Amino acid sequence: MTAQALEQRDLAVVIGLEVHVQLETATKIFCGCSTDAAEDEDPNTRTCPTCLGLPGALPVLNEGAVEAAVKVGKALDADIPEQTRFHRKNYYYPDLPKNFQITQYDAPICQDGTLEFAVEGERRAVSIRRAHLEEDPGSIKHVRDGAGALDSRTVAIDRADYTLVDYNRAGTPLMEIVTQPDFRSPSEVRSFLAKLEEVLEYLGVFDSTRDGSLRIDANLSLVPADEIRDDGSIPGEVLEAANRTEVKNISSHKGAEKALTYEASRQRNLVQRGKTVEQETRHFNEAHGSTVSMRTKEEEKDYRYFREADLPPLQVAGWKKTIEIPELPDARRERFREEYGLDAESASKLTSTKEVADFYERVAEAFDPDLAATWVADNLLGELNYRDMAIEDVEGRLDEFARLVELVAEDEITTKNAEEVVLRRMLDDGMAPDDVIEEAGLGKADDDAVVTAVEEAIEENPDAVEDYHNGEGGAINFLVGQVMQKTGGSADPGSVNGMLRERLDE
């Protein structure tokens, strides 16, 4: 369709994704080099002849990578065929030392799956065309001239003077998850990626904290809105007629939304000016929030796929029956609601990661589920987020946290002091709850002391008492504050409120 014809019609965004996920294995996919990267490791030190693609080196498939791929396939409800095999994808790129990538082509390990997610309160399902295993290339750093390589400054690709290559990452197991063009907005893409990452972490095959662990390539095109069927599908000939761009080098959910929002706007502006959208590959410049042209987009034939002669076909159908996967987030969320009686918001918070869900269940074994939910979902997670910490940072202190909840449950300390003093000292100073209570003198005041404080507060604040009798709501809060001050915060505010009202209403 010509640009002039498109210009006269309402256009809809169509997006398909290629998500590259680093799989968590101890060694690389085709050799024994470690995948455990240290932050301060030197470039090109975690390599061997195989991952450097030196002549005569032969690949040996990592069984752990295959097991991880099968887990992903089961989680996506994908078909796992009787047999899968590897191919060579031929193209030159500086971080691909062999000048070809060992990947899967016409027999991927997973096919025809689906993933459901929520966006703006509505459920959506995206079809997964395929998910296949391959090796990760190395990493490249675009550099602007400095005093030397080590002193040079990493910059965006369009500002670089030269590029450095580090092959430490080369050969890390990758799973490329390819969706159908089912997305109709960048916000849907962001929600999908968040859900996919959640599922992968539940499976234990992915670590989002690793640099470069999730990388996204997105294909975006504009099609006439009136060509979209009622069920949301698009005729094949309409998709074929639409020129699309591939946006590469996206590394985050937010980045994907930002890149695709820019690209959709760029294409609309071209069409509105009567220009043609070129089919090309574009680089996402995260610093500028824009995309820049890299090269004309390759077609499948350009890669000259042929079978990898050094790796025999792999029989995998039986693995689906023997490899187990854990309870996935949606199922666990629903179970938390049914088993523990939690509301949707609490269940969602408590299943945000597998580690949080496990922590909550261990606390809920000993205490009322609602009390446990309040302390884990609201108090603990809130304080951890404020400190940029994660539940993994306190997993080893579960007994101390359970002791704090026990002190509150047995009414030995006020909820206020437990939240605002004890928990914070536990996280900031590493102290045990009983030590904080003893040091700060936070033991709960006895009834006689509270009664005395109530009487003193009433006697010392006649204006507030008069305001209370005149119906001013703030007066009771002032008096509660006075009692709390007198008891050093060791009285229960709710009980104090009740005692004050009872005494003042006599």
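Predicted model: local features only at pLDDT ≥ 70, side-chain atom pairs only at ≥ 80, totals over all residues.

Me: Where is Glu 198 found?

Reply: Glu 198 is in helix H3, residues 186-203.

Me: And is Glu 198 buried or exposed?

Reply: Buried, because its relative accessible area is 14% and the cut-off for buried is under 20%.

Me: How far apart are Glu 198 and Ser 352, in sequence and in space?

Reply: They are 154 residues apart in sequence, and C-alpha to C-alpha they are 7.5 Å apart in space.

Me: Ok, zooming out. How many helices and strands does the protein chain have?

Reply: The protein chain has 17 helices and 16 strands. It runs to 506 residues, and 46% of them count as buried.

Me: What about contacts between residues at least 6 apart in sequence, what percentage join residues at least 24 apart?

Reply: That comes to 70% in the protein chain.

Me: Now the cores. How many residues are in the largest nonpolar core, and which have the most contacts inside it?

Reply: The largest nonpolar core has 63 residues, and those with the most contacts inside it are Ile 15, Leu 17, Ile 109, Leu 133, Met 175, Ile 177 and Phe 192.

Me: Pick Phe 192, then. What does Phe 192 touch?

Reply: Not counting residues up to four places away in sequence, Phe 192 touches Leu 17, Leu 115, Phe 117, Val 126, Ile 128, Thr 179 and Phe 183. There is also a second, separate core of 39 residues, which includes Leu 380, Phe 401, Ile 413 and Val 422.

Me: Helix packing next. At what angle do the axes of H10 and H12 cross?

Reply: Roughly 55 degrees, with the axes coming within 10 Å; H10 is residues 369-386 and H12 is residues 415-429. That angle makes H10 oblique to H12, and H10 passes H12 in a right-handed crossing.

Me: Which residues make the contact?

Reply: From H10 they are Trp 375, Asn 379, Leu 380, Glu 383 and Leu 384, and from H12 they are Ala 418, Glu 419, Leu 423, Arg 424 and Leu 427. The residues of this contact of H10 with H12 divide into six nonpolar, one polar and three charged.

Me: How do the axes of H10 and H11 cross?

Reply: The axes of H10 and H11, residues 398-409, come within 11 Å and cross at roughly 120 degrees. H10 and H11 are therefore oblique to each other, and their crossing is right-handed.

Me: And which residues make the contact there?

Reply: H10 brings Leu 371, Trp 375, Val 376 and Leu 380, and H11 brings Phe 401, Leu 404, Val 405, Val 408 and Ala 409. The contact of H10 with H11 divides into nine nonpolar, no polar and no charged residues.

Me: What does Tyr 105 contact?

Reply: Leaving aside neighbours within four places in sequence, Tyr 105 is in contact with His 87, Arg 130, Glu 300 and Tyr 305. Tyr 105 lies in the loop between E4 and strand E5 (110-119), and at 25% relative accessibility it counts as partly exposed.

Me: Last one, Thr 291. Is Thr 291 buried or exposed?

Reply: Buried, with a relative accessible area of 3%. Thr 291 is in strand E14, residues 290-296. Not counting residues up to four places away in sequence, Thr 291 touches several residues, including Val 247, Ala 259, Tyr 262, Arg 282 and Phe 284.

Key: Residues numbered from 1 in each chain as written. Heavy atoms only, no water. Core = buried A, V, L, I, M, F, W, Y, C linked by side-chain atoms within 4.5 Å. Buried < 20%, exposed > 50% of the residue type's maximum accessible area, 1.4 Å probe, protein only. Contact = heavy atoms within 4.5 Å. Axes fitted to C-alpha atoms, helices over the stretch in contact; angles between N-to-C directions. Helix = DSSP H or I, 4+ residues; strand = E, 2+ residues; numbered from the N terminus. Parallel < 35°, antiparallel > 145°, perpendicular 65-115°, else oblique. Left-handed = near helix turned anticlockwise from the far one by under 90°. Nonpolar A, V, L, I, M, F, W, Y, C, P; charged D, E, K, R; others polar.
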